[in-house]
Amino acid sequence: MMFFDSHCHLTAEQFDADRDAVIQRALDAGVTRMLTLATDVASSRAVIELAERHACVYAAVGIHPESVRAAEPGDLGLIRELAQHPKVVAIGEIGLDYYWNPPDSDKATADLQQKFFEQQLELAAELDLPVAIHDRDAHNAVIGTLQRTFRTAGDDVGNARRSVPLRDVPPRGVLHAFSGSVEMAQTAFDLGFFVSFGGPLTFKNNKHAPDLIRALPLEKILIETDSPYLTPHPFRGKRNEPAHVILVAQRIAALRELSIEQVAAQTTRNALDLFRL
Ligand code: NI
């Protein structure tokens with residue numbers, strides 16, 4: 001059995017003491033591929049370095065919405081250069097965070113997030129790379145931005161560049177740690193997006209995510225840890241790590257009454273398709 005952790009932060013300082021051991025533990029558990037994502041230029045360099053040292057680690061480069069205020073002129077140019085590296089398989093993580101930056105109380109930061117989000121979507125389109133999207137309390141703004149950027153099949157939405165039949169919509173990205181509605185997921189699928197689930201799916205008090213898992217096609221679902229954050233039950237409160245993605249797969253298997261093998265195979269295939277591996 002093989003698992004793909006589609007979203008982790010292996011260059012976070014929480015792993016400084018034992019990073020290689022964490023990766024080895026994932027490999028030993030069957031987590032044979034990991035996508036480690038950046039949040040700014042420095043971590044974009046770091047994820048590439050790590051991916052160069054480990055065949056099982058792939059990199060995503062980009063500027064996270066929480067990093068846009070600290071970004072400097074020229075950072076997007078550096079991201080563009082770094083994205084040419086052969087181990088870079090996505091632009092991410094990018095998006096909007098209205099939890100820490102509600103537009104009502106800080107419009108300037110919301111505008112800046114929007115600008116970086118759109119510019120990095122453009123960059124991904126130009127470089128023909130998928131995107132990994134962070135959406136916290138910004139569902140409508142994120143979906144609206146994606147609709148303006150990409151045309152849905154049969155629709156003429158916004159300023160999209162070309163019309164393509166639905167079956168030909170290429171995989172374009174993933175909404176990570178998905179917390180939207182079934183309807184939002186469907187809109188995302190039509191735009192060529194997957195949705196991804198992690199540790200919160202295993203929390204006893206989470207009623208929403210299990211309903212989503214039962215309602216959405218497994219062909220559109222990825223699994224992730226977002227480690228070192230969002231540690232799944234029963235390790236909640238401790239540091240998360242990629243080996244724990246198996247707990248997420250087990251939870252999906254239980255909710256869907258599938259075998260863990262089926263969930264492992266389908267979610268791995270989905271990630272390989274999206275990241276073109
Ligand atoms: Ni993340």
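Where does Pro-234 lie? Pro-234 is in the loop between β8 and α8, with strands (E, at least two residues) and helices (H or I, at least four) taken as DSSP runs numbered from the N terminus. This is a predicted model, in which local features need pLDDT of at least 70, side-chain atom pairs count only at pLDDT 80 or more, and totals for chains, interfaces and linings use all residues. Residues are numbered from 1 along each chain as its sequence is written, and side-chain values use heavy atoms, with hydrogens and water left out.

**Nickel site**
- His-7 (NE2), His-9 (NE2), Glu-93 (OE) and Asp-226 (OD) coordinate the nickel ion at 2.1 to 2.4 Å (donors are N, O and S atoms within 2.8 Å of the metal, or 3.2 Å for Na, K and Ca).
- The arrangement is irregular because the four donor atoms subtend angles of 84 to 170° (four donors are tetrahedral if all angles lie between 85 and 135 degrees; four are square planar and six octahedral if opposite donors are over 155 degrees apart and all others between 65 and 115; anything else is irregular).
- Along the chain, the donors have the spacing H-x1-H-x83-E-x132-D.
- His-9, in the loop between β1 (3-8) and α1 (19-29), and Asp-226, in the loop between β8 (221-223) and α8 (245-256), are 217 residues apart.

- Asp-226 counts as buried because its relative accessibility is 8% (buried is under 20% relative accessible area, exposed over 50%, partly exposed in between, with a 1.4 Å probe and protein chains only).
- Phi of Asp-226 is near 55°, a positive value in a residue other than glycine.
- A cis peptide bond with omega of about 15° joins Ser-227 and Pro-228, and another, with omega of about 5°, joins His-233 and Pro-234.
- Most residues other than glycine have a negative phi, and most peptide bonds are trans.

**Largest pocket**
- The volume of the largest pocket is about 830 Å³ (a pocket is an open set of points on a 1 Å grid over the protein atoms alone, where a 1.4 Å probe fits, with protein on both sides within 12 Å along at least five of seven lines; lining residues have an atom within 4 Å of a point; the volume is the space filled by probe spheres set on points joined across faces, edges and corners).
- Of its 33 lining residues, His-134, Arg-136, Ala-177, Asp-226 and Leu-230 lie nearest the centre.

**Other positions**
- Ser-67 is in the loop between β3 (57-61) and α3 (75-82), and is buried at a relative accessible area of 16%.
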